Amino acid sequence: MKKIAFVLTLLIAFSACDSDDDNNAPQFLISVSHSHNWDGENVSSDDIGITEFTNENGEVLKITRLRYLISKIILTNSTGDEISIVGTNDYNLVDLSDNNTFNYATNIVVPPGTYTKISFVYGFNEEDNMDGAYEDLNSVTWNWPGMLGGGYHFMQFDGTYENPVIGDDPVFNYHNGTAKVSDGVFEQNFITVTAENLSINSNTVIDVKMNLAEWFKNPNTWDLNELNTGLMGNYTAQKRMNENGQSVFSVYLGD
Amino acid sequence: MRYFLIILIALFFLSCSSSDDSTSYVPTPVNLEIPPLFNSLLLPPSVPTDNPQTLEGIALGRKLFYEPLLSNDGTQACANCHLAENSFTDPNRFSTGITGEMGTRNAMPIFNLVWNFQNNFLWDGSASSLEDQVNDPIENPIEMNNTWPNVVATLQATSEYPELFEQAFGSVIITKESIAKAIAQFERTLISGNSRFDQYLLGDNNAVTAQEINGFNIFMDENRGDCFHCHGNEFNPLWTNNAFHNNGLDSSFEDLGLGGFTGDPLDYGKFKSPSLRNLAYTAPYMHDGRFATLDEVINHYSEGLVYSNTIDPLMKNIAEGGAQLTTSDKADLKAFLLSLSELEFTTNPAFLNPN
């Protein structure tokens, strides 16, 4: 008898919870999507090694590899509460050659309404950029050398460009991470990207767009003949990447 | 006496029913022995759920690894071309099969494969699992030149193997799948993670020399060795990214590598980055064993790079042939690389011939 009473109590408790939830406003599911373009023209894995792009400085280049790290996607509601949008991890290594890294679901649900902002970090912020802390990133050798400040790469953008003087297509390694000022002195180099005043009225995709052309354009016109390889320990190059990176990303909420 | 006979018959049937009941038999589970750095820095090893590690499976796989009956004429085992003393590779540039013909690639060393999360094995990525990998050497006409029905029938006809398969997989009936599973289980136990450099990373500052530390710094310097983009770092104890690259060996390709498997011209001339562990025992080097010494390998990246249209952009200064390391940098880099070798791995009694 006692047992039946206990089960009944439990049932009532759970149904009470249920009805509580039902009284709330509908909740909408959040997912994340990454897309890439060159000044508006879509860039996909099919373009790797094939499509020629002309940068602001007039160099014709091809992409061999593009991988980059996005972390800390945060939605802020009208009362200032921050909702962390987390997939498998609190970060995502996007690889242009692997469509599986472009889109991911989360288990985050939010009520409809107006949100003051959505933001994410390109790379890791200082607090998250810890040496060897992420097993999956270690496993793909994504680390940034300790002599350059350690932590992890933010981006590896590798390719070839045409230079008639050199002949066979020379290469570039546009790798970005912590900037080394001098031996043992380092400067943070991540970028926070934000969009403001957003509304959510249905299941929503956080759409992160990367315009690759901007890495070479604004405010620094990038000359691949001068800055091509060995850039990781080049302070000036790292800071220019950071400056150009400010206009590379944009974030939208879509259905 | 009659009762005794009845009991005996009853026991006989009981034992039969229990040994025939393959679904109820469970071999002894075994955990992999994971080195401390691997444990703290890498994702957990990827062991397939349909082939868990067991004491009996590993023992059988080890016996099969050293079993010449796998070859058509009963003369060659896996271990003939994957020698423990050479970190399970072949000291010969090309391995010779049972017919006397030679292959065209250097046998790959076998260790730490349980952390190949991409599940693409061999120089060209053509095997999708360690179980899958077993197929080619058995059937390849210039290797063991056998057929699976013949391998299965040969082992089934022996006095010892049916019982060992029963202990490992619950059935005396030997199959192609159970052979591959057993060998894969043994190969997953081949773990190397206790070199002097590992000991240094674990806190023993006396485990390495100043020259080796300097070599590591060259390895990690994008403007000198720049080895780390493909070959790991202090936080990736595999010392490989398990990915495929064209590392500037040739201007055109006789062996298409990954491209021969995928059919994609963009993959032509790409081969798997091998781990840098145990280089002291794995000469010759590269997919075709073209370099007899580590000095030749380092010279290749320093002055010998050759352009081709799929060359990896991580190969720099191609027009000048490469990184242009100084003589002392080369010596230090070589010293560091050799500090990743572990003699105990090549002499571990658990990995040697049990037959």
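Is A:Val185 buried or exposed? A:Val185 is exposed, because 10 other C-beta atoms lie within 10 Å. The cut-offs are these: a residue is buried if 20 or more other C-beta atoms lie within 10 Å of its own, exposed if 12 or fewer, and partly exposed in between, with C-beta atoms placed from the backbone.

This is a predicted model, in which local features need pLDDT of at least 70 and side-chain atom pairs count only at pLDDT 80 or more, while totals for chains, interfaces and linings use all residues. Residues are numbered from 1 along each chain as its sequence is written, and chains are lettered from A and ligands numbered from 1 in the order in which they are written.

**Chain A**

Let us start with the overall picture. Chain A has three helices and 15 strands; helices (H or I, at least four residues) and strands (E, at least two) are DSSP runs, numbered from the N terminus. Along the principal axes, the C-alpha atoms of chain A fill a box of roughly 90 × 40 × 30 Å. Of the 255 residues in chain A, 35% are buried. Two residues are in contact if their C-beta atoms, placed from the backbone, lie within 7 Å. Among the contacts in chain A with a separation of 6 or more, 74% join residues 24 or more positions apart.

A:Val185 belongs to strand S12 (residues 185-187) of chain A. A:Gly146 sits in the loop between helix H2 (135-139) and strand S9 (155-161) of chain A. A:Gly146 counts as partly exposed because it has 15 C-beta neighbours inside 10 Å. The table gives a partner for each of these two residues.

| Pair | Apart in sequence | C-alpha to C-alpha |
|---|---|---|
| A:Gly146 and A:Val43 | 103 residues | 33 Å |
| A:Val185 and A:Thr101 | 84 residues | 34 Å |

**Where the chains meet**

In chain B, 22 residues are in contact with 26 residues of chain A. The side of chain B that touches chain A has 13 nonpolar, seven polar and two charged residues. Here Ala, Val, Leu, Ile, Met, Phe, Trp, Tyr, Cys and Pro count as nonpolar, Asp, Glu, Lys and Arg as charged, and the others, Gly among them, as polar.

**The core**

A nonpolar core is a set of buried Ala, Val, Leu, Ile, Met, Phe, Trp, Tyr and Cys residues joined through C-beta atoms within 7 Å. The largest one has 130 residues, and A:Tyr122, B:Ile179, B:Ile183 and B:Phe219 have the most contacts inside it. Strand S4 (residues 60-77) of chain A gives the most to this core, with eight residues. Domain 1 (28-192) and domain 2 (196-339) of chain B both contribute residues, so the core lies between them; the domain bounds come from an automatic or database domain assignment.

**Helices of chain B**

Helix H3 (residues 55-65) of chain B is mostly covered, with nine of its eleven residues buried. The buried residues of H3(B) pack against helix H4 (78-81), helix H8 (161-169) and H9 of chain B. The axes of H3(B) and helix H9 (residues 176-188) of chain B come within 7 Å and cross at roughly 95 degrees. That makes H3(B) roughly perpendicular to H9(B). Axes are lines fitted to C-alpha atoms, for helices over the stretch in contact, and angles run from 0 to 180 degrees between N-to-C directions; 65 to 115 degrees counts as roughly perpendicular. The residues of this contact divide into nine nonpolar, three polar and two charged.

Note on methods. Angles under 35 degrees count as roughly parallel, over 145 as roughly antiparallel, 65 to 115 as roughly perpendicular and the rest as oblique.
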